[in-house]
Amino acid sequence: MKGFFSMALRELKALRKEKTIMFAILIQLFIASFSSVILLGIMVYYDPDSIGQNAQLRLDVGVLGDSESQFINLLEQRHHRVRVFSDAAKAEAAFKAGRLDAIVYIPEDSKDVVEMKLVLPEMDAQATLVLMLLKEPLEKYENYLREQQGLSVRYQDIRGKPFSTNEFLYTIIIPILMFFPAFIAGSMVIDSISEEMENKTLETLLSAPVSINQITGAKIAASVAVGLLQCMAWIFLLGLNGFSVQNAWVILILSVLVIAIVALLALLVSLVYRDRERSQFIYSLVILVLFSLTYFVNPSPFALVARLATGDPFVGAGQLLVYVVMLGLLIAVTPFVTKRLTKV
Amino acid sequence: MRLRARFGGKMIAAVLILLIAAGAVSSLVYLQGMVLAKDFYIVGVSPGAPLIFDQRFHLVPVDPSQSGVALKSGRIDVYVTGKAAFYRADDRSQHAAGAIKKYLEKKEIARIADQYPLNQAFPLRVEVNYLKAPTENMSAAAVTLADIVRAGQESNSPSNPQTSSDDNLIEDENPLAGQPPAVYVPSESDELVKQQLEVLQSSSMVPEFKAEFASNKQVIVPSLMSPPIPLAQVLLAFAYILPIFFISIFFTSGFIEEKLGRKLNILLSAPVTPLQIILGKMLPYIGYSLIIVVLITLIFRGNLLLALAIFLPVILFIFAIYLGVALQYRTYRDQTFFSLVAVTVITGYLVFPAMFVGINDLSYISPLTLAVQMFRGESFTLLQYMLSAVPMLLVFLLSITVGTRVFNEEYLMNFKPLHVKVREAIYLAMDRRHLAVSAAVFSLLFIPVVFMFELAAITLSLNLPTPVALGFLVFTCVVIEEAAKSVTVAVTIERGLVKTWASVLWLAVVSAIFFFLGEKVLLFMSLSVISESVFTNAVFAGNLLWIPLLLHCVCTTIVCLITWRFGIKSYPLALLAGSIVHGLYNLSVIGVLR
């Protein structure tokens, strides 16, 4: 047992010297930041309401045509400033002087199709923003017109909060952050094993009074420890940013189980292929396929993390049983495989 | 040939099986519709509620009498009946309500479209028009508002050249007449509504390459308005850049293998120059990458010549960075992580600006923006092309220059710490007889590198809360810039190439001036891309240029003189001192400090 610990410590020291962990963390930070960029994009495009609500942007809208229109009330409800013009030339002058963000021409309400006209500035960015902000009043006006024709649209009064940010964070970011350490851990195990094999240091180690299983076990323990630290750091950082993660302990245990499973698989791959490049390649493919296969499991590891993190009452520690069984099987099988493969 | 030697026999079989499995899985996922978190929201449904087919919702049948209790106890997040939905005030329930609202609204639109005639279901049509931006010259505007609206003022608007020749929606809606036609005449916009409805119902997963929300004269229906999908750029990035990454990784590992196998030593003693060795090793892989670009362009049916013009700099850029990885590398683990860092930095540089296509024209820094435009069939100017290509080519030039200079056995085989290796590389790469020229050239070549790191910093800062993020961003960018300007001078000091404080000062000023000039040329290019208007004049007119130039010189001088006085060990502290001065100035410009 003492040999085991000194081996694990040796691995951890090697890691610290290589500064690999710094890189690993940097990469995960990048993943997280990228997702915030994509998130920004998604929010801008799919959830314009949230921008209106958050930023409190107010538009100056010039109105031509029907000055009694319900649309004007709807604009004012959203705190946009409305100016009614009777003369197109004056409206145009105001628009060109930069005093208006948009001009709408509203025909009289009628029993028929209302053909509104919207004039936007030709600059792409501004036009997109203005149109996004006008989307909600326009939709409301459309529903108003539908009601005028005796056609009712249900579920209009649900308010709720913009959900896409939240959904993205809990169903994509947090699971990625929790499982990426597992991927890195496996990659580290392969590097470490194949380096020893190629430098022939494995044989030297084996001549010392430690068994092959102690050596591999120590490497896996070291990678699990590093992975666990990363997951804990992420949960802590998320908390600092105001995103609460429920069931944090259950999630951490799940992460450790997954890290251990992936690390064991990596060990097997590296023992079969021996050279680093091929092992890494096959390992990446295996992980890719396995993770996509989990999509058909319900709850999938991804969904399980997402639901645990939001405090879904339908999931809990019980769901971890499957992973415990899988890990147990792998631990039971691996020693036989390693013995056979390292005999040569 | 290398590929075959390495991946023969059993390997091929294993890869094939795995690839087939991956293909099968992804097609199954595609058929089912991709939902990452099944059962994410818990939705209680009453007997009369509409059917909900969305795997995100975990449906729990709840009797109306029980619904209040179930909602309060947190067993369900939302309760949906045939008429309305109920929810709590906490975040979990509110988000679920938001999600179900979006889903039900879409369903309602489909129901209405199905049950009612088109003119009743979609009674509002909005025609989008664009007028020249306020800053533009008014007389240049070809179309006036009166043209667009024709709000009955035709008689008193002489500037109106054409009379309802191309407008198809005008005839039956003269508001001055104020008489809506008694019978509904199917308007031409009905066709457009039908088209938009089809798009909505097909809800295909393939993103459209849509230029903007709505093009000029396009008629939109508010409830069918679909925003452009921002993921097109990401999709393109994956299609083109991922294969290039793969190839460049083979390049790097081939390089490293020769380095370890001491085959490079044999090459070095042969009568070939380092440049020939590097290019000779790179060329086949660049060839493979070009073939991939051609194939992908043919598959997506893009313009072949344009695609090659856009992606050749990208290929060179990626290979330049991987050459750096191969040269700096020391151990296997190093290589894995260097490569990963390279992947993230490159993707950051390429994808991040491209997310802002149509929002900010600085997105032209990324070639993916051009690629998106190519696929949309839009044109771009030479200047826009240069803005994306020139920085990448500069990085390539830098990497090749440094690569050929450091290409000796001693440098390639040693195991010194990274910062020592970088300094050594700069020392080897500079022209020791013309220090000022070296400082100037390095300052210029470092600009795109600085830009890359600054983009990375922006991306990272998005993780932080806003005020902290701003501080972090200002500080990191300043440190990066100061380091780029002073590192060459610091190396000359370390190596004892300069003897007097006056020559240190001279080098520092040269370095700062060229960095500043290069940066401003880039800025000028990007500004003129943004608009050929008043903006550029403003930048170049006032004192706006002299103060920053002075600042750059002062800060670089501070860093260099401290390093000269106290030795290379003090360089980090010197850098900090220069950065603080620079940072304070930047903050005061932004208006944080007064």
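Two residues are in contact if their C-beta atoms, placed from the backbone, lie within 7 Å. Keep that in mind for the first view of this predicted model.

**View 1. Chain B as a whole.** Chain B has 22 helices and six strands. Of its 594 residues, 36% are buried. Now look at who touches whom: among contacts in chain B with a separation of 6 or more, 63% are between residues 24 or more positions apart.

**View 2. A sheet built from two chains.** Here six strands line up as an open sheet, in the order S2(A)-S1(A)-S3(A)-S4(A)-S5(B)-S6(B), with mixed pairing. Which strands stand at the edges? They are S2 (81-84) of chain A and S6 (219-220) of chain B; each has a single partner strand, so one side of each is left without a neighbour in the sheet. As a reminder, strands of a sheet pair through backbone hydrogen bonds, either parallel or antiparallel.

View 3. Strand S1 (residues 60-65) of chain A runs parallel to S2(A), and four bridges join them. One residue pair to pick out is Val61(A), whose bridge partner in S2(A) is Val82(A). Helix H4 (residues 70-77) of chain A packs on the sheet and touches S1, S2 and S3 of chain A. The direction of H4(A) makes about 150 degrees with that of S2(A).

View 4. The general idea is handy here: an α-helix has 3.6 residues a turn, so residues three or four places apart point the same way. After H5(A) comes Gly98(A), with a positive phi near 85 degrees.

**View 5. Strand S4(A) between its two partners.** S4 of chain A covers residues 114-121, and eight of its eight residues are buried. One face carries Val114(A), Met116(A), Leu118(A) and Leu120(A), while Glu115(A), Lys117(A), Val119(A) and Pro121(A) sit on the other. Strand S3 (residues 102-106) of chain A runs antiparallel to S4(A), joined by three bridges; Ile103(A) has Val119(A) as its bridge partner.

Terms used
Residues are numbered from 1 along each chain as its sequence is written. Chains are lettered from A and ligands numbered from 1 in the order in which they are written. This is a predicted model: local features need pLDDT of at least 70, side-chain atom pairs count only at pLDDT 80 or more; totals for chains, interfaces and linings use all residues. A residue is buried if 20 or more other C-beta atoms lie within 10 Å of its own, exposed if 12 or fewer, and partly exposed in between; C-beta atoms are placed from the backbone. Two strands pair if DSSP finds at least two bridges between them. Axes are lines fitted to C-alpha atoms, for helices over the stretch in contact, and angles run from 0 to 180 degrees between N-to-C directions.
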